[in-house]
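Subject: A structure for you to explore

Hi there,

Here is the structure I promised to pass on to you. Have a look at it first, and then read on for what turned up.

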Amino acid sequence: MSALLVVDNPKRWPLTIPGVEVISSGDYLTDRRYSDMRAAKVFNLCRSYRYQTGGYYVSLLAEARGHRPMPSISTLQGLRSRSVVRALSEDLDERIQRMLKPLRSKSFELSVYFGQNMASRYDALAKALFDLFPAPLLRARLERSGKRWELRSVVLVGANDIPEKHHAFVAQAAATHFQRSHPVRRKRAASRFDVAILVDPNEKTPPSDARALKKFERAADAVGMACEFITRDDVGRLAEFDALFIRETTAVNHHTFRMATRAEAEGLVVIDDPRSIIRCTNKVYLAELLDRYDVAIPKTLIVHRGNAHEVEAVCGFPCVLKAPDSSFSAGVIKVADAEELHRALAKFFDGSDLVVAQEFCPTDFDWRVGVLDGRPLYVCRYHMAKSHWQVIQRDASGKTAAEGAVDTLSVAEAPADIVRAAVRAANLIGDGFYGVDLKRIGRRAVVIEVNDNPNVDAGNEDKILKDALYREIMGLMLRRIIARKRLEFDIA
């Protein structure tokens, strides 16, 4: 793939970098040779990236031409927002505090040249900033407030802003970047698109086990996509892919949400999309949403410090308390009476101003319906752990002590009212991939919750559809990629 380094005036470009063609922004924007180029990495080093300037149009048209610009338009937009910079850099806080702790000054500027800093001790921080804000030349400003360092800004640096004494280092950093041998992705010759699957190799209870992940990889290959497993450290590479599939437990105040947001801004097809993560990972939101649309749910009260006395009247005892961001049975407890309720609420209110209380509905199993793009794919019965009231029994430290069995039915075998209620609830969230949990109370099918990022483990959820389940999910991502690309390119 050709590498183009675009500057305002090549005659004033002071560096010599082998293997890179240096051209002017005017040539890149107007010369037919570059608009007809089918694949190119475009390193945009114009002096200004303001809206409708030449620098802005270089990144914009590079995306339209199917090139890979650095910085991309989404990076330019993100860097303009202080709140976006602050949100995206939350994951760096620990590293920032550790690396800058020895400094005695009140402020610090870090120049990032193609992901490197002239002082090697700051290379890790420079690389992390480069991954978050992929741009050839960056400058970060950090300020100390008390004992803590805060990232105040990250700005783009033009070619003319490079101090002369840095020229040799920048040339070397650029050459290293262009020559770096990235891990070679296994890519089928015929594959047109790339899907990234986000995983955390160290997660103890991931949404998919290793066998299922291999099946997803094979399914992507079967529908014509190259698949690569990535981790949170690959945030800077998202623009290399056409789609992101998250197989790591999601949360809003978490890198999974930030990566989903970043991927969507880069134009990728994303499952789980940020909206679904927001809606599904908060039990308060779900309770309000389902109640608003008259979806059958257990008797429920959103509890705050002023109405805790209403829990018994609404839900009775025993009842169940749920932390808003609870998942996998963690953050969900059963209380037997008013005394236990008040003790438990005191702890819950330390972490959230609102808590969900629901009537206790003992059943032998929960129904789980997997819904993809509004269509039910599988139905499972998640049985309660032995001698316990939840599917997962946790010990005092929160670790899994026991799990109930799982059996799977085809959609046709499952009770029709269970499936209908699940699809209706999932459609209130969006058009992604959801796992809807339900119980049967008397003759009613009641929705307990809707989960983004539902479990797909080999031998459980795929027991009926087998490999077809994985192809259904990858096939949907492929169709959405094609639909988006069709707006830009002729892919017939």
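Predicted model: local features only at pLDDT ≥ 70, side-chain atom pairs only at ≥ 80, totals over all residues.

A search of the whole structure turns up two cavities of 30 Å³ or more. The largest cavity holds about 80 Å³ of space. Which helix gives the largest share of the lining of the largest cavity? That is H12, with four residues. Helix H12 spans 283-292, and at least two lining residues each also come from strand S15 (355-359) and strand S22 (444-452). If you want to find the lining on screen, look for residues including Lys 283, Leu 286, Ala 287 and Leu 290, along with Val 356, Gln 358 and Val 447. Sorted by class, the lining has seven nonpolar residues, one polar residue and three charged ones.

Next, take a look at helix H4, which covers residues 73-80. Is H4 mostly covered or mostly open? Mostly covered: six of its eight residues are buried. These are Ile 73, Ser 74, Thr 75, Leu 76, Gly 78 and Leu 79.

Now for the charged pairs. Side chains of opposite charge can pair when their charged atoms come close. The count of salt bridges here comes to 24. One of them joins Arg 33 and Glu 21, with the closest N and O atoms 2.6 Å apart. This pair links distant parts of the chain, since Arg 33 sits in helix H2 (residues 32-35) and Glu 21 in strand S2 (residues 21-24), twelve residues apart. Arg 33 counts as partly exposed, at 44% relative accessibility, and Glu 21 is partly exposed too, at 29%.

Another salt bridge brings together Arg 237 and Asp 234, at 3.5 Å from N to O. Why does Asp 234 count as buried? Because its relative accessibility is 18%, and buried means under 20%.

The side chains of Arg 152 and Glu 150 also meet in a salt bridge, at 3.3 Å from N to O. Arg 152 is partly exposed, with a relative accessible area of 30%, and Glu 150 is partly exposed at 33%. Through shared partners, salt bridges join Glu 150 and Arg 152 with Glu 109, Arg 141 and Glu 143 into one network.

Enjoy exploring!

Best wishes

Key
Residues numbered from 1 in each chain as written. Heavy atoms only, no water. 1 Å grid on protein atoms, 1.4 Å probe; cavity = no way out; pocket = protein on both sides within 12 Å on 5 of 7 lines; lining within 4 Å. Points joined across faces, edges and corners; volume = space filled by probe spheres on them. Nonpolar A, V, L, I, M, F, W, Y, C, P; charged D, E, K, R; others polar. Buried < 20%, exposed > 50% of the residue type's maximum accessible area, 1.4 Å probe, protein only. Salt bridge = Lys/Arg side-chain N within 4 Å of Asp/Glu carboxyl O.
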